[in-house]
Amino acid sequence: MNFNKEKSKKLFEEAKKFLPGGVTYALRYFEPYPFYVVKAKGSKIWDVDGNEYIDFWMGHGAIITGHMHEPIINALKEQLNYGFHFGWCNEWEVKWAKAVCEWFSADMVRPTNSGTEANMYAIRLARAYTGKSKIGKFEGGWHGGYDALHKSVNYPYDKPASLGLTEECTKNTIILPYNDLEGVYRKVKGEELACIIVEPVMGAAGIIPAEKEFLKGLRELCDEKNALLIFDEVITGFRFFRGAQHFYDVKPDLTTLGKAVGGQYFPGAGAFCGKAEIMEKIDQIKNPNFWDRVFHGGTYTGNALTMRMGYELITYLENKGINFYNQIDKFGEEIISELKNIFEEKRVKAYVTGLNSLFAIHFTNEKPTNGLTAETTRNKDLQRKLFEFMINNGVVYLTPSTPHFFLSSAHTNKDEEKFLSLIKEFINKKT
Ligand code: PMP
């Protein structure tokens, strides 16, 4: 890649000595070296070399109201007077819990330190509640690094998703085809299932929305099999008004959350919520013996920083209501439809997938309806060139592989114009 950012280059040289691969998360790496961010505000970020970028990555999709949104930052400043980590109960965990339950019409919730952890506990809870071991997850679905769910994440799906996973950990995980209800029925026939976990919009696989009938079918299937339906709404929970479950009108038994549930900028962000009769399996008052209940907890669970910031964000979104979402979703729909027009006009083999404020560009021959169609015919060279062109012109997104984009309410018409005109320029050059 033609890339010239001297300070970032130097930092990466140093980083390689102490961090494996020079990074804290492999997906942030690209050739020849990543850029290092020093500042973020609204829809923009700046790197150590002084370059400005329109940011469409938005902190892994966690950020919905833009970087350094004033109401959240003001609350943070106020909380500085009191402290963040008490290791005791605090009022913010109560306010946060009520706000999360109201947002998702759930009875009860518990906070976790990440989306990974939320999914780990939700699976444990589903197994405890149903007394069954097997779990269904989808090909291409990403739920974080928890062993039992770290299977068939990346194409080719038959390869181990990571070294170090024992067969024991993943043998009860049944891999299911996304957006293919008949295929799912075939795979689970005769199986004693504790749960099926699904992303209503597959994120890492390339922002692929579920078909409504598919999710409704999964609901019926889980009811037939006395299995729990878990929606992983780590990405979608606050990108849709009251979550994707409200948008699709399908109610899961448990919902797992991450990212924005902790106020969008703060670590230790995660949660799982759902019906009281399931969540009460954790209740230490109702189940005094530890062997009669499900363990959940941790040093930082319910810390005042994440709880308050999560509460402040949910309250902000609640007060703005559906209008907030109508505006940002309209923006997304406009960009998606413009992109489709550009690719059609220039006869570029590309599909744009997505919904509302999240979308992806697939340089493929087939319309991606699951991880598999999205992967097999991908033009990786074109993806890489687009990334290079965009980053050199002040636009960033994840990643050099499938281009993923997340919008926020801080993105402006000017950002949209710049992005679309760069796409046109790139396509004109390449075709
Ligand atoms: N589920 C989904 C759908 C995700 O997108 C992610 C992270 N991108 C996770 C779970 C894991 O969350 P975390 O990175 O906070 O562990």
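Residues are numbered from 1 along each chain as its sequence is written. In this predicted model, local features need pLDDT of at least 70 and side-chain atom pairs count only at pLDDT 80 or more, while totals for chains, interfaces and linings use all residues; side-chain values use heavy atoms, without hydrogens and water.

**Exercise 1.** State which residues of the largest nonpolar core touch the most other members.

*Solution.* Begin with the term: a nonpolar core is a set of buried Ala, Val, Leu, Ile, Met, Phe, Trp, Tyr and Cys residues joined through side-chain atoms within 4.5 Å. Buried means under 20% relative accessible area (1.4 Å probe, protein chains only). Of the 41 residues in this core, Leu339, Phe343, Phe359, Phe419 and Ile423 touch the most other members. Next, take Leu339: beyond neighbours within four places in sequence, its contacts (heavy atoms within 4.5 Å) include Phe359, Ile361 and Ile423.

**Exercise 2.** Determine which way the residues of β14 point.

*Solution.* Strands are DSSP runs (E, at least two residues), numbered from the N terminus. In a regular strand, side chains alternate between the two faces of the sheet. Leu358, Ala360 and His362 point one way from β14, and Phe359 and Ile361 the other way. Five of the five residues of β14 are buried.

**Exercise 3.** Identify the strands that pair with β14.

*Solution.* Pairing requires that DSSP finds at least two bridges between two strands. First, β13 (residues 351-355) runs antiparallel to β14, joined by five bridges; Tyr351 stands opposite His362.

How values were computed: Buried means under 20% relative accessible area, exposed over 50%, partly exposed in between (1.4 Å probe, protein chains only). Helices (H or I, at least four residues) and strands (E, at least two) are DSSP runs, numbered from the N terminus.
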